[in-house]
Amino acid sequence: MSGTGENMAAFATAGDLVSWIRVCPCVNESAGMNTTSHTLHGNANLKHILRKAATKQTGSYYAVYYRRIAARRGHQRALAAVMHKLAIAVRDVLTDNVTHHDLGAEYYTRRNLQRAVRQIVKQDYAFGLTVRFDPIPA
């Protein structure tokens, strides 16, 4: 990453890096109640690069992850969550000298196939259609 330099030894863990960039989720707890707050000001250049990378993702795990979070929490929180994941991935690539393997857009579908089938059936019923699943012959 351009703002950290080549030596990632200053960041012992991925948490240290995302905390330094300030893309970590901020949660304030008081009397057992969690209240969320905004992300703090951090390295503006790195945040700008991560924001650009997060918004350019299409057809990847990060794009699907963004849509899942944005549906529940909104655009800004989803963007911060994707920036957080990207920062961790970049740190792992730079420290371990390995290539990055995207999990793929169908990661969540493969992870829970029954949920995907239920969603398809529910959407079809909403349109007034019936669904029949036939096994594919081997």
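## A pocket and its lining

On a 1 Å grid over the protein atoms alone, a pocket is an open set of points where a 1.4 Å probe fits, with protein on both sides within 12 Å along at least five of seven lines, and its lining residues have an atom within 4 Å of a point. This is a predicted model, so local features need pLDDT of at least 70 and side-chain atom pairs count only at pLDDT 80 or more, while totals for chains, interfaces and linings use all residues. Residues are numbered from 1 along each chain as its sequence is written, and side-chain values use heavy atoms, leaving out hydrogens and water.

Now to the second largest pocket: Val 64, Arg 67, Arg 68, Ala 105, Tyr 108, Thr 109, Arg 111, Asn 112, Arg 115, Ala 116 and Gln 119 line it. Helices α3, α5 (107-111) and α6 (113-126) each supply at least two residues of that lining; helices here are DSSP runs of H or I with at least four residues, numbered from the N terminus.

## The largest nonpolar core

A nonpolar core is a set of buried (under 20% relative accessible area, 1.4 Å probe, protein chains only) Ala, Val, Leu, Ile, Met, Phe, Trp, Tyr and Cys residues joined through side-chain atoms within 4.5 Å. The largest one has 23 residues, and Ile 21 and Tyr 65 touch the most other members. Helices α1 (14-21), α2, α3 (61-73) and α4 (75-96) each bring at least two residues to this core, with α4 giving the most, eight.

## A look at Ala 53

Ala 53 sits in helix α2 (residues 44-55). Its C-alpha is 8.0 Å from that of Met 83, 30 residues apart in sequence.

Methods: Buried means under 20% relative accessible area, exposed over 50%, partly exposed in between (1.4 Å probe, protein chains only).
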